[in-house]
Each structure stands twice: as structure tokens, then as C-alpha cells.
Amino acid sequence: MITSETRAETRSETREEPLSIGEVAARTGLSVHALRFYEREGLLVGPVRRSTGGRRRYAACDVEWLLICVKLRESGMPLAELKRFAELVRQGPGNEAERLQLLDAHRRRVDAQITALEECRSVITWKVDVYAEHLARGEAAGLWDPTV
């Protein structure tokens, strides 16, 4: 994970070996198609470098940024918001308050989803217990049977 967005913002040259699109796909869990889509949609914080043959070459900071993007998308952040967040990061220092607002709003949505899922799990657990208890006693016949 990125320890500081500044690393992604500056995209300074590193001596690390660049990674192919296949290697980045393996490290991030994104498909090659998804990586190309992220690039087209402006979801990366910097341009993807190319080899002399035109093949994409990614830096470690690209992978770190993509891992953040994956978690934001998995947790339900809309593409438009992710795009805006990437745009703000690309702009560099000075817009941290707006970035914080985006992330905080997303965190509140995720918290609400977690609460709703916990409530769902409670109902499911209760129903599992009811069925398990009736089956253990051999009294499951007619349990929630609309024909009775």
C-alpha cells in the first residue's frame, strides 16, 4: 500500500525494473482489459510509460495506486468519484481537503453498508438457529409452510 500519496503524486524515477501489464494484472487482481480501461478513463495518477516497442511499462507506484483503486472500487466507490480522486491526486498539493471530503463521504457509505449487512446477518443467524433447533428436535414439518 502507498504509505504516502506524495510518492504517487511525484512519480519520481526509480531504479526498480518496470513491470509489464501482465505482471501488474497478477499483482493487482485486475485483468489486462481493466488496466487498459483504467488508463483510458484517467484513473491512474500518471502516464503509463511505454517501451520502445510500445508496450506498457508500469512502476511500483503505479501498482500501489492501483491497489488503492481496487479497494475503493470493491467497496463501492463510483467510477466518477474515483476519477475525481485520481484527478485531485494528479494536481498535487493544495486540494487535500477535497480529497478528504471524497474519502470521508465514501467511508460513511461503507459504514452504512456494513451496518446494513450486520443487520442482515443477524436475521439470517436467527433463522438458521430456528431451523437448526427444529430439525434437532425432529419438529421441522410445517416450518414456514404456507399450505398449513
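**Close-up views of the model**

**View 1. Cys69 is buried, with a relative accessible area of 0%.** The model shown here and in the other views is a predicted one. Cys61 is buried as well, at a relative accessible area of 9%. A disulfide would need a pair of cysteine sulfur atoms within 2.5 Å, and by this rule the count for the structure is 0.

**View 2. Trp65 and Phe85 form a stacked aromatic pair.** The structure holds 2 aromatic pairs. In the one shown, the ring centres of Trp65 and Phe85 lie 5.6 Å apart, with 20° between the planes. The angle counts as stacked because it falls under the limit of 30 degrees. The pair joins distant parts of the chain: Trp65 belongs to helix H4 (residues 60-74) and Phe85 to helix H5 (residues 79-91), with the two 20 residues apart. Trp65 has a relative accessibility of 1% and so counts as buried. Phe85, also with a relative accessible area of 1%, is buried too.

**View 3. The largest nonpolar core consists of 27 residues.** Leu35 and Trp65 have the most contacts inside this core. Helix H2 (21-28), helix H3 (32-40), H4 and H5 each give two or more residues to the core. H4 supplies the largest share, with 7 residues.

**View 4. Leu35 is shown with its contacts beyond its sequence neighbours.** Residues up to four places away in sequence are not counted here. The residues touched by Leu35 are then Ile21, Val24, Ala25, Thr28, Leu30, Tyr58 and Leu66.

**View 5. Helix H2 has buried residues Ile21, Val24, Ala25 and Thr28.** Seen down the axis of H2, the buried residues fall within an arc of 105°, so they line one face of the helix. Ala26 and Arg27, on the other side of H2, are exposed. The packing partners of the buried residues of H2 are H3, strand S2 (56-57) and H4. Gly29 follows H2 and has a positive phi, near 85°.

**View 6. Helix H3 has buried residues Ala34, Leu35 and Tyr38.** These residues lie on the same side of H3, because they cover an arc of only 100° around the axis. The face turned away from this buried side carries His33 and Arg40, which are exposed. Among the elements covering the buried residues of H3 are H2, H4 and H5. H3 is followed by Gly42, which has a positive phi, near 75°.

**View 7. The charged end of Lys127 sits over the ring of Trp126.** The distance from the charged end of Lys127 to the ring centre of Trp126 is 4.9 Å.

**View 8. The protein chain contains 6 helices and 2 strands.** From the N terminus on, its elements follow the order α-α-α-β-β-α-α-α. The chain has 148 residues, of which 32% count as buried. Among its contacts with a separation of 6 or more, 57% are between residues 24 or more positions apart.

Technical notes: Residues are numbered from 1 along each chain as its sequence is written. This is a predicted model: local features need pLDDT of at least 70, side-chain atom pairs count only at pLDDT 80 or more; totals for chains, interfaces and linings use all residues. Side-chain values use heavy atoms; hydrogens and water are left out. Rings of Phe, Tyr and Trp (its six-membered ring) pair if their centres lie within 6.5 Å; planes under 30 degrees apart count as stacked, over 60 as edge-to-face and the rest as tilted. Helices (H or I, at least four residues) and strands (E, at least two) are DSSP runs, numbered from the N terminus. Buried means under 20% relative accessible area, exposed over 50%, partly exposed in between (1.4 Å probe, protein chains only). A charge sits over a ring if NZ of Lys or CZ of Arg is within 6 Å of the ring centre and within 35 degrees of the ring normal. A nonpolar core is a set of buried Ala, Val, Leu, Ile, Met, Phe, Trp, Tyr and Cys residues joined through side-chain atoms within 4.5 Å. Contact means heavy atoms within 4.5 Å. The arc is that of the directions from the helix axis to the C-beta atoms.
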